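Me: I've got a model open and want to talk it through before I set anything up. Can you walk me through it?
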Amino acid sequence: MSPFPVGPDQIWYEVRHRPAPGTRALFLDRDGVIIRDRHYLRDPDGVELLDGIVAIMRAAQRSGVPCIVVTNQSGIGRGLFGWPEFYAVQERMLEDLARAGVAPAAVLACPHHPEAKAAYRLADPPMRKPNPGMILRAAESLGLSAAESLMIGDKGDDMAAAAAAGLSGGILVGPGEAAVAMPVHRAGDVRAALEPVETWLADGAPASRLRAAETHATG
Ligand SMILES: [Mg+2]
């Protein structure tokens with residue numbers, strides 16, 4: 001049996017603390033949102049928290065909103081590294097976050113890819129973003145209110161997964177493109193995502209406020 005929280009479906013699903021049922025959640029991509037995207041990171045020494053992520057997670061936690069990490073890890077499917085390396089990277093990330101007083105409630109990671117090695121190869125992996133599988137699994141098993149939840153990502157696939165899962169909106173950091181039927185606020189970097197997150201946390205109608213924020217941001 002695997003020493004890691006990986007089920008028969010090969011998905012890493014780890015609940016670190018269980019949120020109150022019915023709560024909304026802040027879904028976070030890992031690479032390019034929590035830590036610098038170093039492409040197939042397998043060395044814990046490459047972990048570098050991005051500016052602004054601690055403030056965002058702190059604001060969410062202060063409001064009783066759990067942070068849920070959903071990360072594509074096709075490097076595992078491609079045979080570039082394994083769950084032990086993923087675990088080592090994650091432990092370093094969690095240590096750095098804990099030192100700053102924040103912690104995700106759950107982490108989900110998907111190793112599948114259409115071009116992965118046979119054991120991990122799926123033509124259209126339901127758990128891999130842009131598909132909504134990881135978000136739906138977390139929302140259903142933790143009893144979260146997906147329709148009131150928000151996603152921060154650095155790729156259009158993050159926004160597509162959020163939209164397909166029925167989330168209320170997303171914040172796209174960096175230059176990515178997103179064509180989705182969901183309000184998407186564009187932030188230049190993670191630090192710039194704090195303001196729309198705070199708006200969302202303070203407001204019961206996140207979608208409309210995000211639209212307003214987007215209009216404001218684009219002038
Ligand atoms: Mg990313």
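Me: Let's start with Tyr40. How accessible is Tyr40, and what does Tyr40 count as?

Reply: This is a predicted model, so keep that in mind throughout. Tyr40 counts as partly exposed, because its relative accessibility is 40%. Tyr40 lies in the loop between strand 2 and helix 1.

Me: What's phi of Tyr40 near?

Reply: Phi of Tyr40 is near 60°, a positive value in a residue other than glycine. His39 also has a phi near 60°, and His39 is placed in the loop between strand 2 and helix 1. For background, most residues other than glycine have a negative phi.

Me: And His39, buried or exposed?

Reply: Exposed: the relative accessible area of His39 is 57%.

Me: OK, on to the metal. Which residues coordinate the magnesium ion?

Reply: Asp29 and Asp154 each coordinate through OD, and Asp31 through O, at 2.0 to 2.2 Å. Along the chain, the donors of the magnesium ion follow the spacing D-x1-D-x122-D.

Me: Asp29 and Asp31, are they buried or exposed?

Reply: Asp29 is buried, with a relative accessible area of 5%. Asp31 is buried too, at 14%.

Me: Where does Asp29 sit, and what does Asp29 touch?

Reply: Asp29 is in the loop between strand 2 and helix 1. Leaving out residues up to four places away in sequence, Asp29 touches a list of residues including Ile34, Val70, Thr71, Gly153 and Asp154. Lys129 is among the contacts as well, and the side chains of Asp29 and Lys129 are joined by a polar contact of 2.9 Å.

Me: Which residues are linked with Asp29 in a network of salt bridges?

Reply: Lys129 and Asp158 are linked with Asp29 in that network.

Me: Which strands pair with strand 3, and in what sense?

Reply: Strand 2 and strand 3 pair in the parallel sense over 3 bridges, and Leu28 has Val69 as its bridge partner in strand 3. To get from strand 2 to strand 3 the chain goes through helix 1, and that β-α-β crossover is right-handed. Strand 3 and strand 4 also pair in the parallel sense, over 5 bridges, and Thr71 has Ala109 as its bridge partner in strand 4.

Me: What about strand 5, which way do its residues point?

Reply: Leu150 and Ile152 point one way, Met151 and Gly153 the other, and all are buried. Strand 5 pairs in the parallel sense with strand 2 over 3 bridges, where Phe27 stands opposite Met151. Strand 5 and strand 6 are parallel as well, over 4 bridges, and Ile152 has Ile171 as its bridge partner. The chain crosses from strand 5 through helix 5 to strand 6, and this β-α-β crossover is right-handed.

Me: Back to charges. How many salt bridges does the structure hold?

Reply: The structure holds 12. One of them joins Arg30 and Asp31, the closest N and O atoms being 2.9 Å apart; Arg30 is buried, and so is Asp31.

Me: Which side chain meets Arg191 in a salt bridge?

Reply: That of Asp51, at 3.1 Å, N to O. Arg191 lies in the loop between strand 7 and helix 6 and Asp51 in the loop between strand 2 and helix 1, so the pair ties together parts that are 140 residues apart in sequence. Arg191 is exposed at 53%, and Asp51 is exposed at 51%.

Me: And Arg99 with Asp96, where do they lie?

Reply: Both are in helix 3, 3 residues apart, about one turn of the helix. Arg99 is exposed, with a relative accessible area of 64%, whereas Asp96 counts as buried at 18%.

Note on methods: Residues are numbered from 1 along each chain as its sequence is written. This is a predicted model: local features need pLDDT of at least 70, side-chain atom pairs count only at pLDDT 80 or more; totals for chains, interfaces and linings use all residues. Side-chain values use heavy atoms; hydrogens and water are left out. Donors are N, O and S atoms within 2.8 Å of the metal (3.2 Å for Na, K and Ca); water is not among the atoms, so sites may look incomplete. Buried means under 20% relative accessible area, exposed over 50%, partly exposed in between (1.4 Å probe, protein chains only). Helices (H or I, at least four residues) and strands (E, at least two) are DSSP runs, numbered from the N terminus. Two strands pair if DSSP finds at least two bridges between them. A crossover is right-handed if, with the strands pointing away from the viewer, the path from the first strand over the helix to the second runs clockwise. A polar contact is a pair of N or O atoms within 3.5 Å; within protein, one must be able to donate a hydrogen and the other to accept it, and residues adjacent in sequence count only if both atoms are side-chain atoms. Contact means heavy atoms within 4.5 Å. A salt bridge is a side-chain nitrogen of Lys or Arg within 4 Å of a carboxyl oxygen of Asp or Glu.
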